[in-house]
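Work through the exercises below with the sequence and the 3D structure at hand. Each task is followed by a worked solution.

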Amino acid sequence: MANQYIDLDTLKFLLYDVQDLQTVLEQSRYQDYDQESIALFLDSVKEFSDRELFPFFREMDDQPAHFKDGEIIVHPQVNEYMKKGGEMGLVSALFDYEIGGMQLPNTVVTASAYIQETANNHMPGYLGLTLGAAELIVHFGSKEINETFVPKMLAGAWNGTMCLTEPQAGSSLSDIVTSAVPAEDGYKISGQKIFISGGDFKGVENVVHLVLARIKGAPAGTKGISLFVVPKKRPSTDGNLTSNDVTTFADFEKMGQKGYCTTHLFFGHNDDCRGWLVGEPNQGLKYMFLMMNGARIAVGRGAAAITMAAYQASLAYARERPQGRSLTNTGKKDVAQEQTLIINHPDVKRMLLLQKAVAEGSLSLVLLSSKYHDLSQTHSDPEERKRYSQLLELLTPIAKTYPSEMGLLSVSNGLQVLGGYGFCTDFILQQYYRDIRIFSIYEGTTGIQSLDLLGRKITMNNGKALQLLSAEIMKSIIEASEFEALAAYGEKLGATLKLTQDVLQFLMEFAKKGEYERFLSDATVFMEFFGNMIVGWLWLDIATTAQKALLVGETKFSSEFYHSKIHTMKFYYKYEIPKTKALAEVLMDKQALTMAEDQKVFT
Ligand SMILES: Cc1cc2nc3c(=O)[nH]c(=O)nc-3n(C[C@H](O)[C@H](O)[C@H](O)COP(=O)(O)OP(=O)(O)OC[C@H]3O[C@@H](n4cnc5c(N)ncnc54)[C@H](O)[C@@H]3O)c2cc1C
């Protein structure tokens, strides 16, 4: 059953032509790959997703993961998917050849995961978290820990998780209390973790938890947090697995992504749970954050995939649903005429174009971030690596937030396209709407991402990252100015970039005076403003690439395809970019209506 809710042409256009994958493939680490071998790999992922993911998407919503008789029951396909995905190299794709990896670029792995997530967003998380947990061990773990856990994880035989959250420590990880006491054979771990994705389920051979905990006597706050490998079952030298006292208390029942279990775990209920330190003591949060760029881009990617799938589903519906008649020039309906398809109504076209603009803009954003990720690690010039690393740091909170927040709005518009049927379970839109809602909460809420963007990323190294990003945006404006049809849009983007400087100048005054709460009180509004501009920049690049292809008579895609990209860019600049002016007005308003002392407004 083929997943029809993906636009592979757009994925390939954005990957190869707009984000120019070639610049990544030219790095020596990827010398074994070219565009053709990557295309073959992505085609095989599509075929795998059509077979192993898409047919189970609705079933997983209808038969949610649930807690029964002390264990979590998930759809049986989860174990199949992990096994077959492992065999196909989907967990190991990023890793070095020496440890059995495929040494593929991050950008390609992003495209591969995106294809899977458009097919079924409930399942790829099991595999993605295993990859993330293995990455932490490979980067920071000892040889022994690596040899014990990584091969099984890369093969898809053992699952991996990230255990950060505790009942009293969600956004604020400085309040973690899970403890680790040195023992003869590692550390005794004790504490509970909540909301752990893929934390345990029937049929899984072992689960390797990457747990943040405090070694007894460690400093308070984030400086005293260490990272441990804590398996559900302890492997012994003879290959046997014995219980490691990790108890599953419950599975959280959710409004969406119901097939993806979310567990409540207790470590050391019987005082017999062992963990092994990863890297140095008290460096746990630092290690986690070094891996966070990848995890956050992955969240943005998942939201972008759902946005695309929902867009394709509502587009297909709008092309088939007759309703009403087109208005005549006199403004009167001619009921003698046949009903028109709803796609012919301007308001339905507006909703579809918004979906297209957000879906494809978000995809371009996550691909660009992944490219920066690759080049920050593999570029032959160390100065360039540093430059890409700063660009990546700045872009990451936006790559996580824009697809999550705007994706939700976009899917809501998609549901609206279906009218009453959009609200009914016979149609898929309501599932996408429920599924995408978690993405602005995963891996740090929008509020937390916004504090990171304005409070840390914009200001780091005296604003160096912003300078570098502005230079990239200026390059795009200059390129667009060479085409008569695009120059005006470049000017609009230039004006929005200038507005960003005005906004930041206004806000920085508070930071300079030490009024940090005021400086950051509208950080989320700033995120909306800045994210809107960034995606406007990406749309200008998409349109420039399409315009160039039309000029040279490129035939990789049809001329309608290229024209549709330019049309969507124009839509974005008519309907989305002007919102930045209103947001700038909010940001530069002198009143501070949301400061803590104003709690009495709720009386
Ligand atoms: C389905 C699901 C899966 C998850 N998977 C995992 C997982 O695998 N591993 C894991 O460790 N965790 C996981 N989480 C936890 C997730 O990361 C947290 O829920 C999230 O970070 C928010 O923490 P919280 O729920 O405690 O909310 P809180 O931290 O209580 O936040 C509540 C609200 O207050 C705001 N807020 C909090 N602090 C501030 C601040 N300083 N300034 C401004 N606003 C603030 C937040 O933005 C939010 O709107 C998962 C959660 C869910 C729901």
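**Exercise 1.** Is N462 buried or exposed?

Solution. The model is predicted, so local features need pLDDT of at least 70 and side-chain atom pairs count only at pLDDT 80 or more, while totals for chains, interfaces and linings use all residues. Residues are numbered from 1 along each chain as its sequence is written.

Step 1. A residue is buried if 20 or more other C-beta atoms lie within 10 Å of its own, exposed if 12 or fewer, and partly exposed in between, with C-beta atoms placed from the backbone.

Step 2. N462 has 8 other C-beta atoms within 10 Å, so N462 is exposed.

Step 3. N462 belongs to helix 14 (residues 460-481); helices (H or I, at least four residues) and strands (E, at least two) are DSSP runs, numbered from the N terminus.

**Exercise 2.** State the phi of N462 and of D20, and place D20 in the chain.

Solution. Step 1. Most residues other than glycine have a negative phi.

Step 1. N462, not a glycine, has a positive phi of about 55 degrees. D20, also a residue other than glycine, has a positive phi near 50 degrees.

Step 2. D20 lies in the loop between helix 1 (8-18) and helix 2 (22-25). With 15 other C-beta atoms within 10 Å, D20 is partly exposed.

**Exercise 3.** Which residues stand opposite A180 in strand 5 and strand 6?

Solution. Step 1. Two strands pair if DSSP finds at least two bridges between them.

Step 1. Strand 4 (residues 179-183) runs antiparallel to strand 5, with five bridges, and a hairpin of two residues joins them. In strand 5, I189 is opposite A180.

Step 2. Strand 4 runs parallel to strand 6 (residues 206-215), with two bridges. The bridge partner of A180 in strand 6 is I215.
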